[in-house]
Every structure is written in structure tokens, then in C-alpha cells.
Amino acid sequence: MTEDERRKAGIRVAALPPPVTLFPVFMLAFVPGICLLQTQADLPRAAWLWTLAGLCGLCAARLLIRFQPSFRGGAFLLALCAGWAAGYGWAAWRAESRLADELSAAWEGQDVRLSGVVASLPVRFERGVRFVLRVEQVLTPGARVPSHVWLNFYTQGWRGRDLNPYPPPRAGERHEFTVRLKRPHGRVNPHGMDYEAWLLERNLRATGYVRNDPAPVFRGVSAWPPMLSVHRLREAARDHFLQTLDGKPYGGILTALAIGDQNSIPRAQWNVFNRTGTTHLMSISGLHVTLVAMLTGWLLNWLWRRAPRLCLLLPAQRLAIVGGALAAAGYALLSGLNVPAQRATLMLLTVALALLLSRRIGLGRILLLALFGVLLLDPWAVLASGFWLSFCTVTAICWVGLHALQSEKPADDGQDKKRSLRQRLGGWFVAFMRTQWAAMLATLPLLFFFFQRFPLNSPLANLLAIPWVSFVITPLCLLAALLSGISTPLLGWTHMLLTPLMALLEYFADGPLGLPWQAPAPSLWRVALAGCGVLLLLMPRGLPGKGAALVMLLPLFLMSAPPVAPGNLRLSVLDVGQGQAALLETAEHRLLYDAGPGYGPTAADSQAQAEEGRDAGAQVILPHLAALGIARLDALVVSHRDNDHSGGMASIRAGVKVEKLVSSVPEWVEGELCRRGQNWEWDGVRFEFLYPPPDKPLKGENGDSCLLKVSVGVTPTSPGQRVLLTGDLYAREERRVLAEDPATLAAEVILVPHHGSRSSSSPPFVAAVNARWAIASVGYRNRFGHPRPEVVERYARQGARFLRTDRDGALILDVTPERVNVRRWRQEARRYWHSGDMKTED
């Protein structure tokens, strides 16, 4: 019996959705498929088969619901599986093709002559510029080089002397360079930025620097592809902004709002934005792009209506739609096409196309199309916190706005005209507060997941900053960028308008509410449960059961770090590059041994490094402490003054409370000196300094390093487990310790002296320690060649397993009186993009 016959017979027929509803289901399932692929340690074989299977599944689902309407549940399930498979296969295929474009291992660290075009906006730093080079020709025979490389061009040496007389390259220029490259490699820690993923997303499959001998050669300017011309316009606008605002404190902020160059903003101002929750305003977001589209559309509509004959050729509304969408796309290009700008542009283009075709598309479907489009272009976007924060914020705002429109009582034109200005402003204010509340709630679980903090002053700071930055500062910045070739006082006026807002934000950041609400990094199930609670809170008023939302949010705020049992020790040797930092945790106490290196030009620049965040303290150690919920260190032991051990100290002391500073540097008067014989016990774990002796004059040099021994479960009847942290001791100092009492050096775990240098780890010292685990904290392809092969062999002959942070990533050692359990983070949290040659043996 057909459907018409059943209706005539009086049989009730369920309304079935049209086949087109399967595509949103497919797009929705596309997202978890991509997310799953980005958690894999290895790529699947024949990735294109997964995508093909997904597309075939979607076609089968459409056919099924078309010819067998009663099987709509099965068709929806098939569409879900098809979307998941297509997303998984698409991301795998993209990754496979991108990883194939690699630097040959044989040419790593070798001089290669290249010809290519500067394909990005050059990033300025204190010693030169960084830029993407699109390689057009490899001039060195036999060399295999990726299509895009990330290069440093140094104009100054480490000590400030002029290094390269050749002018820094500019966007769109073609040059011939001699470069020295290495394969993508970054620090791998339990928490913090994954540099290798960042490089992969940007299709940068090698990093390196330009050599000044032989000299570079300029080969002209390229205008193709068109994005090169966009980068040249961005660079010209940046030069105009920085030259006009030279000496003005907030010139970098105006530059970022105009062209998306966030590198111009000093670290101190980033700290203000972080402490007030206004960081999102410094990126060209969907609000800015939408505002540009609206203003352009309104202006075109108003001007076009002044000429009736033109309206006969093309209606003013259609011109406004097309012009607004093109202006939004142009602004997004000028900003560098970050994820929020991509999302807003795709949404606006979708809306514009629907209006031009006289089609009605719901907000949910527009958002879903934007999500699908962003991931189709960039499957690695899911690895960035900004992707999730951006889409969750927009989804929450659309959700609340839609319910507000549905619940609003319709008013006729007469009543609407009678509303006073005060009533209108009150309605706008209520709507703005509603969207602010929705955005804050929607991002709360994600803020704790990614950053483990929420600024308490964020709602008030955003209430004042969002309208001022979005509706006043940003339009003026964009107008100034368009008038870059004309001398106007516009930039000075804009800076003057920004100054009171920044003064207010700085007051908020330094005030009592400037301290954020911090918590350890939550697990995924807590974030998912809190997300359900947020969704329940954002439901329309009158929905029963909203009290359960608060219960769902509680686990997010009641997090605690993984505990350490009394009498046990957790040792975390962090991957900080060529330097050292080790966190020691007992049941109730925390000690940090060494502060990691500074990444600035000189060791004397430690305070400037801290202010700019260019050290391991800001980039590695503080994120790790925040993820563990540690806001206080009972002791900070800095073995000696060298930059690779003390470079992050200023950042650490500024970021967490340090109860006691211990070092071998007598000039640090606020701390105490380490001496042999000092010992204490925390939670059943014994700490003891074995060097330097009380009678040795200290200067904070390598030979003065604090030698710390930590004993777990050592009793007269049990040897327990012992850890030795050695700093940069030389063989001469090793002999002095051996002369005192060689038995005190026995340990199961040792951080090898001086990163495995040949000047340390003498055979008698290695034999006296007799370690089972030897750890070297070193940087990838460091210029010192640490650890030296003969030192590695020396420990191996003694029966020790040699671990190194450049190969194994961060090392987490759980030490109990009976055993030492070692976790190598590069192996435990391995992803398919991590360096393949860094795999370790089990």
C-alpha cells in the first residue's frame, strides 16, 4: 500500500524528513572522525579508502531513506558512520600527503642552496626576522627539501655584533639563500604547546636559518599567488603603523587589530589580557569580521540608493550583500586567515549566498557548514584551543539569541515607535549581558581544560572592553590601514582612545580580582559533564531540573592533582631543550631543581626574557605547574648561575610563590647557599646536599653546583631508592666528593652531570653511583654534542639505561621504596607527527 493509499484509508502516516537532512548528520559526524585521527600514534594504511567508504555510506543512506522511508533510523545511523569514516579518512589522507613532503635525514644540518619566495609576513625579533620560504628550486645537487621551510634570518650575533649586511627579506621577495635545515622537532611535555603539531598545521616541514656565506642573492619580487600581494600589503601597513606610533606603548595592539600581527604586542601587555580574560579581543575574531561586513553593506546600500538608475540595474540590497561579504573576506585575508576569521567568513558567505538565492537557512546549519568548511581546509584546527573556544562561543550566543527571539512578544509598529531611547538602550544592554553570560558559561569548561584558570574580573573587563574595541578601536584601525599611504592623525587619535581602556585593564589586572581562579587540568569526562551542565543552564527559563546543572559543574572545580603517597616521590624531568628543570613532589611538598634555560640572546638578559616570556619558566615549567594545580613551591634550588639552569628563574618567581630559594650564587642575597651537610625530611622522603663543602668559596660557577641526593625508603635494613641531581659538576668536583665518602653517591637514578659532557661523568664517579637509570637533559641537535657517545657508553657498561629528553621527551619517574617506574612522554603521548627517528626501545 502506497503512502497516498494509506492516507485515503485513514491510516496515520509519520512525517519523514527529506533526504537533505542526512547531510547535516554527515557533517556533524565528520568532526569526531577528524578528532580521532589526531589522537593516533600512527597513520592508517590506504587513508583514501576511509574517505571513499564514508562518501559511499552517505550515498547509501540517501538511497535507503528515499526508497525505504521506514528505515530512517538505519539511514541516520549509516550517515553518522559515513561522516565519521569520511572525517577520519580525510584527515589521514591530508596528513599522509603532508608528512611525505619532508627533509631528507642525510641533509639535516648540511648547507643547502635554495631559491624561493618569502611567503608570509616576516616576524621581527631582537636579532633578525623569521619567515616562511616557499621553495621554488633546490640548487644543491641531490638535496631533498620540503616545499615550505621556516627560516631565521639573523642580522646580529649573540653578543650584538652585526652579522649579516644583507637587508632582511620582505614579503613576496624572491631570494637565493644558503640555508642549514633540520627536521621538525619540539619539546614534548605533559602540558604545554606541541611545536611539531604547530609546524605541521602550517605545512612547515623543516626549520633552519640563513647562512651569510655564501651571501644571499636578491632575484626580484613575485606577485603570484595573490596571497603574496596580500602579505606585502600587510607588511606595508605594519611598517606604517610602527613608524607612525614609534614610542607609543600600545602601537603593537593597534597593529594586531588591523592586520592580525600579534607578535608586535609586548609580553607585559599579553599578561594584562590574560589576567583580565580579554585575550580574544587581540585576534581578529568573528565579531570584527561581521562588523566590517555590516558597515560596508550599510554604506554601499546608502550610497547606491542615492542613484535610482543604478538601482534599476542592480538592487541596492543585493549590492550590499555582495559588498559586505567581499569586505569580510578581504579583512579576513588581511588578518592572516586565523580560525575565528575563517569561521566568520564562511558563515557570512553562506548567509550571503542564501540571501542571493532567496533560500532560508537556519543558524544551526550555517554554523555547521562553517565548522565543516574550516575542518575541510584545515583538519589540524581541532588541535588549537582557539578553534574550540571560537565555535563554542558563537554556538552559545546563537542559541541564547534564538531563544530570546522566540520568547519575545511581537509588538506592532505603533508600540515600537513609542519606546523611548532609555527603553531601547535598556533592551540592548539586557541582550548584551545575556550574550556575555552565555559566552562566559560556554567557554568555562574549555578555559579550565586548556589553561587551568579563569580570571575573576573577566566578566566586568569584557563588559567594558568588547564594545569599545569592537565598535570604536577596530574600525579606526582598519581605516588607518586603508589610508596607509596618506599622512593623517588618525592613528594618533586611535591610540589616544585606546589609552584609557588599557589603563583600566591594567588596574583590573593588578587589583584584588586580578588573581585567577585556578584548578588542575580536568579530565575529558569532567569537561564533557560540565558541558552538559552549561547546556542545561542555557536552556529557556522554566525548564525543570536546572539545579542539576550545578551538580554537573562541581567536578570541574573539585579537581585535584594525582596524589603522591606518603613516603613516595614523583620526579618530573621536563623537556626544556638544552638546559635542565626537574620537579620533585612528595605527599605535601614541592621542590623545583633548576629553572631551565632562557631562550633570549644572552644569559645577562634574564629579566628581559622573563618580561617577554622567552624562557623555559614561562613556556614549559609554569604551564606544567598550573596543570598540576601547584601555585606554591616549598623550595627552588638553582644549582648554579649558568643560563641553561637559571634562565627561567625570574618567570617562575613571578608566576608562583617560592617559599625558599637555594643556590650556589652568593649575589642572590634573598636566597641561601647550598652546603654539604644540609638535610631535611618531607613526608618520609629525605633530602641532602652532598656538595659544595662548607669551606669552599662559592661563585655560582659550574664547579659550584648544588649536588642534591633524595632518598626514598632508605632504612638500616633496606637500601630503598635514591636519586642524585648533579647540576654541571666537573670531573674535578666529582673527585672531591669521592674523596669524602664514595658510598654516599650510590643511587638508582642520576641526572648526569653537565648534560653528558666529556668533562664530567668520570669512570670512578659513574662506578660509585652505579645507577640503573641515567638521564641527560639536552636539546635536539645541540651545538655541544651532548651527551657525548663515550659518556653514554660509560653508563651503559655500568648497567644503566640511558634516557635523554631530546629523544624521550619529558620523563616522569614514580619512585617508591621498592622500585622506580619510568614514563617517557614522547612514547606515552606519541602522535603520528612526532619525529619518527625519536622512537625509543621498551
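Predicted model: local features only at pLDDT ≥ 70, side-chain atom pairs only at ≥ 80, totals over all residues.
Colleague: Which strands stand at the edges of the open sheet of eight strands?

Modeller: The sheet has mixed pairing and runs in the order E17-E16-E14-E12-E11-E10-E25-E26. Each edge strand has a single partner strand, so one side of each is left without a neighbour in the sheet. The strands at the edges are E17 (672-673) and E26 (820-824).

Colleague: Which residue in E14 stands opposite Leu 592?

Modeller: Strand E12 covers residues 590-593, and strand E14 covers residues 635-638. The two strands pair in the parallel sense over three bridges. Opposite Leu 592 stands Leu 636.

Colleague: What span does helix H11 reach from its first C-alpha to its last?

Modeller: Helix H11 comprises residues 316-334, which makes 19 residues. At 1.5 Å a residue, the expected span is 27 Å. The span in the model is close to this, at 26 Å.

Colleague: How many residues apart are Arg 722 and Glu 748?

Modeller: The side chains of Arg 722 and Glu 748 meet in a salt bridge of 2.7 Å, N to O. Arg 722 lies in strand E21, whereas Glu 748 lies in the loop between helix H25 and strand E22. The pair links distant parts of the chain, and its separation is 26 residues.

Notes: Residues numbered from 1 in each chain as written. Heavy atoms only, no water. Pairing = 2+ DSSP bridges. Helix = DSSP H or I, 4+ residues; strand = E, 2+ residues; numbered from the N terminus. Expected span 1.5 Å × (residues − 1). Salt bridge = Lys/Arg side-chain N within 4 Å of Asp/Glu carboxyl O.
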